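Look at the sequence and the structure first, then read on.

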Amino acid sequence: MRKAKPKKRVILPDPVFGDVRVSKFVNHLMYDGKKNTAYTIFYNALDTVKSKLPNEELTALEIWKKALENVTPQVEVKSRRVGGATFQVPTEIRPDRKESISMKNLISYARKRGGKTMSDKLAAEIVDAFNNAGGAFKRKEDMHKMAEANRAFAHFRF
């Protein structure tokens, strides 16, 4: 490689919980550099989650972390050309990519939901993910099924 790898940027923890994962999530949620708006949406969504699950002994942040864990895929398929044929080769995912994929899936399926505000949609998706349901969880299950179906091509791993 001719050029050096770019340095990983340090992401500062969020102001309320002091958690770096929350900051990363808000960065994925943000549009047009509107970080304050994204933080407002996220914190309102957590408040809604807490009101939707009143008998849960976990805090809203712990519920969100568990939901994120439930939609995190372990394997994915990558296209690999071998002798003129393209195979879907199952590969394990790096930890930072796992986190990124789970956050992006949670946000994208929340955006596709019906609902009044983005915080309501995000709260509904978090609750579904916490209960092992919803679009983002289904996406993870589909990724795992694809990898399982193409397990025979695992020897083409690069």
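Which helix gives the most to the lining of the largest pocket? Helix H4 does, with four residues. The model discussed here is a predicted one.

**The largest pocket**

The largest pocket holds about 300 Å³ of space. Its lining consists of Lys8, Arg9, Ile11, Lys24, Asn27, His28, Asp96, Glu99, Ser100 and Met103. Two helices, H1 (20-29) and H4 (95-112), each supply at least two residues of this lining. By type, the lining residues divide into five charged, three polar and two nonpolar.

One of the lining residues is Ile11, which is found in the segment before H1. Isoleucine 11 has a relative accessible area of 29%, so it counts as partly exposed. Leaving aside residues up to four places away in sequence, isoleucine 11 touches Val20, Ser23, Lys24 and Asn27. By contrast, the C-alpha atom of isoleucine 11 is separated by 27 Å from that of arginine 139, which is 128 residues away along the chain.

**Helix H3**

Helix H3 covers residues 60-70, and its buried residues are Ala60, Leu61, Ile63, Trp64, Ala67, Leu68 and Asn70. What do the buried residues of H3 pack against? They pack against H1, H2, H4, H5 and H6. Some spacing along a helix can be read from its geometry. An α-helix has 3.6 residues a turn, so residues three or four places apart point the same way.

**Aromatic rings**

A pair of aromatic rings is described by the distance of the centres and the angle of the planes. The whole structure contains seven aromatic pairs. Two of them are set out below.

| Pair | Distance of centres | Angle of planes | Kind |
|---|---|---|---|
| Phenylalanine 42 and tryptophan 64 | 5.3 Å | 80 degrees | edge-to-face |
| Phenylalanine 87 and phenylalanine 153 | 4.7 Å | 40 degrees | tilted |

Phenylalanine 42 belongs to helix H2 and tryptophan 64 to helix H3, so their pair ties together parts that are 22 residues apart in sequence. Both phenylalanine 42 and tryptophan 64 are buried. These two residues also belong to one aromatic cluster, formed by Phe17, Phe25, Tyr39, Phe42, Tyr43 and Trp64.

The other pair links distant parts of the chain, 66 residues apart: phenylalanine 87 is in strand S2 (residues 85-92) and phenylalanine 153 in the segment after H6. Are the two partners buried or partly exposed? Phenylalanine 87 is buried, because its relative accessible area is 19%, whereas phenylalanine 153, at 26%, is partly exposed.

Lysine 112 lies over the face of tyrosine 109, at 4.6 Å from the ring centre.

**Two positive phi angles**

Aspartate 32 is not a glycine, yet its phi is positive, at about 50 degrees. Where is the place of aspartate 32? It is in the loop between H1 and helix H2 (35-52). Aspartate 32 has a relative accessible area of 77% and is therefore exposed.

Asparagine 132, another residue other than glycine, has a positive phi near 55 degrees. Asparagine 132 sits in the loop between helix H5 (118-130) and helix H6 (135-149). Its relative accessibility is 42%, so asparagine 132 counts as partly exposed.

Technical notes: Residues are numbered from 1 along each chain as its sequence is written. This is a predicted model: local features need pLDDT of at least 70, side-chain atom pairs count only at pLDDT 80 or more; totals for chains, interfaces and linings use all residues. Side-chain values use heavy atoms; hydrogens and water are left out. On a 1 Å grid over the protein atoms alone, a cavity is a set of points where a 1.4 Å probe fits but cannot get out, and a pocket is an open set with protein on both sides within 12 Å along at least five of seven lines; lining residues have an atom within 4 Å of a point. Grid points are joined across faces, edges and corners, and a volume is the space filled by probe spheres set on the points. Ala, Val, Leu, Ile, Met, Phe, Trp, Tyr, Cys and Pro count as nonpolar, Asp, Glu, Lys and Arg as charged, and the others, Gly among them, as polar. Buried means under 20% relative accessible area, exposed over 50%, partly exposed in between (1.4 Å probe, protein chains only). Contact means heavy atoms within 4.5 Å. Rings of Phe, Tyr and Trp (its six-membered ring) pair if their centres lie within 6.5 Å; planes under 30 degrees apart count as stacked, over 60 as edge-to-face and the rest as tilted. A charge sits over a ring if NZ of Lys or CZ of Arg is within 6 Å of the ring centre and within 35 degrees of the ring normal.
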